[in-house]
Amino acid sequence: MRSLPSIIHLDMDAFFAAVEQAAKPSLRGKPVIVGGLGGRGVVSTASYEARKFGVHSAMPMAQARRLCPNAAFLTGRFEAYRQNSEIVMGLLRELSPLVQPLSLDEAFVDLEAGPYGPVLAETDHETGERLVLALAEDLRADIQRLTGLTGSVGAAGSKLMAKIASEQAKPDGLVLIEPGQERAVLGPMPVRALPGIGPATEQVLRRAGLITVADLAEAGEAELVQLLGRAHGAGIFQMSIGLDERPVVADQDAKSVSVEDTYEVDLADRDRVLREVEALAGRCVRRLRAAGRSGRTVVLKVRRFDFSTLTRSETLGGPTDDEAVITATARRLAEQVDITGGVRLLGVGVAQLADYTQEDLFAQALREEAAEHAEAVEAAEAEEEPEEPVVRRWMPGQDVHHAELGPGWVQGSGVGRVTVRFETPWSGPGRVRTFAVDDPALEPARPLPLRKAEEPGEEGA
């Protein structure tokens with residue numbers, strides 16, 4: 001453990017929704033919800049204005065619409081999110097070569113490994129803390145200046161406490177936890193505050209009367225090992241007393257994204273196993289999208305009643321982040337597994353990762369829309385009606401450009417019409433116009449930067 005709070009954790013505030021608000025002046029200060037817009041879509045990110053109505057990430061989109069019907073509901077623009085993530089990560093790498101991104105909008109930084117490391121090593125404790133705070137404030141100011149976005153920063157002597165501090169700093173704040181104060185800060189928190197404690201582990205601990213982190217520390221390592229197993233129990237105990245020796249790992253390209261759950265009672269019912277696999281696949285896709293990635297290989301992990309573990313995988317024709325495709329593939333793999341005797345753990349992952357492609361961005365929405373209209377399509381085919389010409393589909397939030405009116409974004413479309421608001425990140429709220437969906441003057445466009453490039457001689461004026 002470090003004597004100086006030289007590890008910082010940056011977490012951008014409501015990142016996807018914040019990018020949309022920064023790009024669309026008419027949405028600033030209003031509730032914005034980003035996610036899948038079909039019947040089975042889920043919320044990726046909700047702006048703070050939408051969170052006041054109870055909307056949160058991973059919530060079914062249908063529920064979000066009931067809670068906040070007046071919000072702007074937009075599909076994801078992952079090219080825009082990646083552009084701004086690269087700006088933020090570039091600022092972090094100016095502070096240190098040891099930057100560990102966790103997703104597009106979240107990362108750890110080890111300041112001791114950077115250009116300020118020698119100063120931190122030689123200075124007294126008070127001066128070192130002031131330097132860390134100054135670096136963190138400058139980072140937040142630079143992010144605001146270059147992107148117009150806000151981020152929350154936590155500083156501490158370990159990764160665990162730095163992340164706890166950034167949570168306390170939200171939104172748009174900075175919190176430093178002094179080394180030596182770990183147990184005082186952690187003690188009152190619920191056990192779920194510790195990484196590695198999910199819903200199943202929380203229930204095991206709750207049945208044992210362990211509700212807060214202080215309860216875990218008081219229970220002792222032996223009891224936690226008995227409840228959770230040697231490796232998991234020992235790790236949870238160490239964190240409960242504020243010990244975390246995990247280093248910040250230099251930027252490494254993840255090879256896979258996965259989620260898994262351990263069940264208190266072995267699952268022996270095939271239908272229940274398939275339902276759990278579908279839920280895991282949905283969570284895996286949300287994590288995949290948060291990292292701005294897609295993948296080609298779907299992997300199923302099964303640990304049986306006798307602790308034997310097997311994996312099954314299937315490689316698709318191309319990389320995807322389509323929840324329907326990944327769920328169907330995982331389910332197909334699960335149907336091939338013998339579950340006689342019961343299953344104690346299930347996991348779903350995606351490997352052979354790739355960056356998003358434009359085709360990936362709208363795959364889920366198109367698939368959901370196609371599913372919703374499946375009955376109508378089948379009826380048309382049964383009547384052997386001539387095929388209608390293919391028309392372009394416009395997704396809410398999508399960037400467009402009109403030959404005469406310039407750049408804008410899609411507010412909505414239907415019954416052969418598309419409504420566009422013409423504005424840019426650096427303009428005021430723009431006017432709204434409606435066109436035919438096949439208007440040749442309207443074309444899809446790439447995202448604009450959130451900050452307008454400075455003209456020569458403009459800097460410092």
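User: Is F422 buried or exposed?
Analyst: In this predicted model, F422 counts as buried, because its relative accessibility is 9% and the cut-off for buried is under 20%.

User: What aromatic pair does F422 form?
Analyst: F422 pairs with F435 in an edge-to-face arrangement, with 6.0 Å from centre to centre and 90 degrees between the planes. The pair links distant parts of the chain, since F422 belongs to strand β15 (residues 417-422) and F435 to strand β16 (residues 431-436), 13 residues apart.

User: And F435, buried or exposed?
Analyst: F435 is buried, with a relative accessible area of 5%.

User: How many aromatic pairs are there by this rule?
Analyst: The count comes to six aromatic pairs. One of them joins F15 and F16, and this pair is tilted, with 6.0 Å between the centres and 50 degrees between the planes. F15 is buried at a relative accessible area of 2%, and F16 is buried as well, at 7%.

User: Which residues are linked into a cluster by ring pairs?
Analyst: Ring pairs connect F15, F16, F78 and Y81 into a cluster.

User: Switching to charges, which ring does K24 lie over?
Analyst: K24 lies over the face of W409, 5.3 Å from the ring centre. In another such arrangement, R51 places its charged end over the ring of Y48, at 4.5 Å from the centre of that ring.

User: Now the helices: at what angle do α13 and α14 pack?
Analyst: Helix α13 (residues 270-290) and helix α14 (residues 323-335) pack at an angle of about 145 degrees, and their axes are 9 Å apart. Their crossing is right-handed.

User: Which residues of α13 and α14 meet there?
Analyst: On the α13 side, the residues in contact are R270, L274, V277, E278, A281, G282, V285, L288 and R289, and they meet E323, I326, T327, A330, R331, A334 and E335 of α14. Sorted by class, this contact holds eight nonpolar, two polar and six charged residues.

User: Last one, where is E314 found?
Analyst: E314 is in strand β11 (residues 309-320), and at 24% relative accessibility E314 counts as partly exposed.

User: What does E314 touch, not counting residues up to four places away in sequence?
Analyst: Leaving those sequence neighbours aside, E314 touches R296, T297, V298, T329, R332 and L333. For L333, which is 19 residues from E314 along the chain, the C-alpha atoms of the two residues are separated by 7.7 Å.

Terms used
Residues are numbered from 1 along each chain as its sequence is written. This is a predicted model: local features need pLDDT of at least 70, side-chain atom pairs count only at pLDDT 80 or more; totals for chains, interfaces and linings use all residues. Side-chain values use heavy atoms; hydrogens and water are left out. Axes are lines fitted to C-alpha atoms, for helices over the stretch in contact, and angles run from 0 to 180 degrees between N-to-C directions. Helices (H or I, at least four residues) and strands (E, at least two) are DSSP runs, numbered from the N terminus. A crossing is left-handed if the near helix is turned anticlockwise from the far one by less than a right angle, and right-handed if clockwise. Contact means heavy atoms within 4.5 Å. Ala, Val, Leu, Ile, Met, Phe, Trp, Tyr, Cys and Pro count as nonpolar, Asp, Glu, Lys and Arg as charged, and the others, Gly among them, as polar. Rings of Phe, Tyr and Trp (its six-membered ring) pair if their centres lie within 6.5 Å; planes under 30 degrees apart count as stacked, over 60 as edge-to-face and the rest as tilted. Buried means under 20% relative accessible area, exposed over 50%, partly exposed in between (1.4 Å probe, protein chains only). A charge sits over a ring if NZ of Lys or CZ of Arg is within 6 Å of the ring centre and within 35 degrees of the ring normal.
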